[in-house]
Amino acid sequence: MEKSSSLVRIAQIILGVIAIALSGWVIAHPVATTLLYIVFLGIALIMVGFSKIIEGAVLRASPKSARIISIIIGIISIIGGSFALSNPLMAVVTLIMILSFVILIHGIGLIATGAAVKTLGKGSRIANIILGILAVVASIALHAVPGLALAITLMLLSIGLLFNGIASIISRIIGQRLR
């Protein structure tokens, strides 16, 4: 029992070191990291697409309309995955623009809610308007500087990996000392 416990501890420390190293790699190579994500996304979309097409073609127990929808989703997924693999930078820009548009719509909705819904308290209405304005400004910034969203996403990912790695190492070292 003690042998397996120490092996688990060593494995968690090693995995923590790997997580820290990966976070450093993400920070040092943001373009390569982004392209790697897009490649994985493209491959995943293509695999999901084939899965949905097979599901639609094979599962006779499902209604015909559900099978047709599954096949259509599969075709769209394969097209999207192929687009991501053949144009990775354009795929990143497209995702950022979609995100930016959603944030813009959300911000406009918050402003409209704050301005129009009289049943909300004054503080809630003001908060909705302020948050809506901030969302609209963020959306405009993402449209103007698409790399900003990418940089923020990569930084948050790398910080998450870094903290996860540090926590894994510390918990294993402290956990061993407490015993």
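How many helices and how many strands make up the secondary structure of the protein? In this predicted model, the secondary structure consists of 6 helices and 0 strands. Read from the N terminus, the order of elements is α-α-α-α-α-α.

The overall dimensions come next. Along the principal axes, the C-alpha atoms occupy a box of roughly 65 × 55 × 35 Å. The radius of gyration of the protein is 23 Å, whereas a compact globule of 179 residues would have a value near 16 Å.

One pair of helices may be described in detail. Two packed helices are characterised by the angle between their axes and by the distance between those axes. Helix 4 and helix 5 (residues 122–144) pack at an angle of about 160 degrees, and their axes lie 7 Å apart. Helix 4 is therefore roughly antiparallel to helix 5, since angles over 145 degrees count as roughly antiparallel. The crossing of helix 4 with helix 5 is left-handed.

The largest pocket holds about 230 Å³ of space. Helix 2 (30–58), helix 4 (88–116) and helix 6 (146–178) each contribute at least two residues to the lining of this pocket. Among the lining residues are T34, Y37, V92, L95, A149 and T153.

| Region | Nonpolar | Polar | Charged |
|---|---|---|---|
| Lining of the largest pocket | 10 residues | 2 residues | no residues |

Definitions and conventions: Residues are numbered from 1 along each chain as its sequence is written. This is a predicted model: local features need pLDDT of at least 70, side-chain atom pairs count only at pLDDT 80 or more; totals for chains, interfaces and linings use all residues. Side-chain values use heavy atoms; hydrogens and water are left out. On a 1 Å grid over the protein atoms alone, a cavity is a set of points where a 1.4 Å probe fits but cannot get out, and a pocket is an open set with protein on both sides within 12 Å along at least five of seven lines; lining residues have an atom within 4 Å of a point. Grid points are joined across faces, edges and corners, and a volume is the space filled by probe spheres set on the points. Helices (H or I, at least four residues) and strands (E, at least two) are DSSP runs, numbered from the N terminus. Ala, Val, Leu, Ile, Met, Phe, Trp, Tyr, Cys and Pro count as nonpolar, Asp, Glu, Lys and Arg as charged, and the others, Gly among them, as polar. Axes are lines fitted to C-alpha atoms, for helices over the stretch in contact, and angles run from 0 to 180 degrees between N-to-C directions. Angles under 35 degrees count as roughly parallel, over 145 as roughly antiparallel, 65 to 115 as roughly perpendicular and the rest as oblique. A crossing is left-handed if the near helix is turned anticlockwise from the far one by less than a right angle, and right-handed if clockwise. The radius of gyration is taken over C-alpha atoms; the globule rule is 2.2 Å times the number of residues to the power 0.38.
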